[in-house]
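Dear colleague,

Please find below the structure that I am handing over to you. A summary of the findings follows it.

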Amino acid sequence: MTVYKIKRIYESPESDDGYRVLVDRLWPRGISKERAALDEWAKDIAPTNELRQWFGHDPEKFVGFRSRYTEELDASSVAATLKQQWQKHPVVTLLYSAKDIEHNQAVVLQQWLER
């Protein structure tokens, strides 16, 4: 069974990260491709621009964001395909750039992948 971890892209890569996937729609500021050390950039699994802009990383909107993003994931054939592909790896680290470590799309995506 795959273990899904989450981590800020600004943290250094570690040997136990496994398969490293950026799950942001936009490339993070100040990060080179070399420093990111990505195996994949899965921007199509990120929240839609409309949802991302509505949320605006406002913790008070997180419950609504989680619900709406989960609906997007449930309806996405891309998300289903990526989930199936990632299950081939023992560890997948979902990388995100948000400053808030508790209220971001990687938290929701991790929960969705683990159910």
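Of the 25 residues in the largest nonpolar core, those that touch the most other members are Val23, Ile45, Trp86, Leu94 and Leu109. Such a core is a set of buried Ala, Val, Leu, Ile, Met, Phe, Trp, Tyr and Cys residues joined through side-chain atoms within 4.5 Å, where buried means under 20% relative accessible area with a 1.4 Å probe, protein chains only. Helix H5 gives the most to this core, with six residues.

This is a predicted model: local features need pLDDT of at least 70, side-chain atom pairs count only at pLDDT 80 or more, and totals for chains, interfaces and linings use all residues. Residues are numbered from 1 along each chain as its sequence is written, and side-chain values use heavy atoms, without hydrogens and water.

Four strands form an open sheet in the order E1-E4-E2-E3, with parallel pairing; two strands pair if DSSP finds at least two bridges between them. Its edge strands are E1 (3-8) and E3 (40-41). Helices (H or I, at least four residues) and strands (E, at least two) are DSSP runs, numbered from the N terminus.

Gln105 belongs to helix H5 and counts as buried because its relative accessibility is 8%. Its side chain reaches the backbone oxygen of Val23 at 3.3 Å. Beyond its neighbours within four places in sequence, Gln105 is in contact (heavy atoms within 4.5 Å) with residues including Asp24, His57 and Tyr96.

Yours sincerely

Terms used:
Buried means under 20% relative accessible area, exposed over 50%, partly exposed in between (1.4 Å probe, protein chains only). A polar contact is a pair of N or O atoms within 3.5 Å; within protein, one must be able to donate a hydrogen and the other to accept it, and residues adjacent in sequence count only if both atoms are side-chain atoms.
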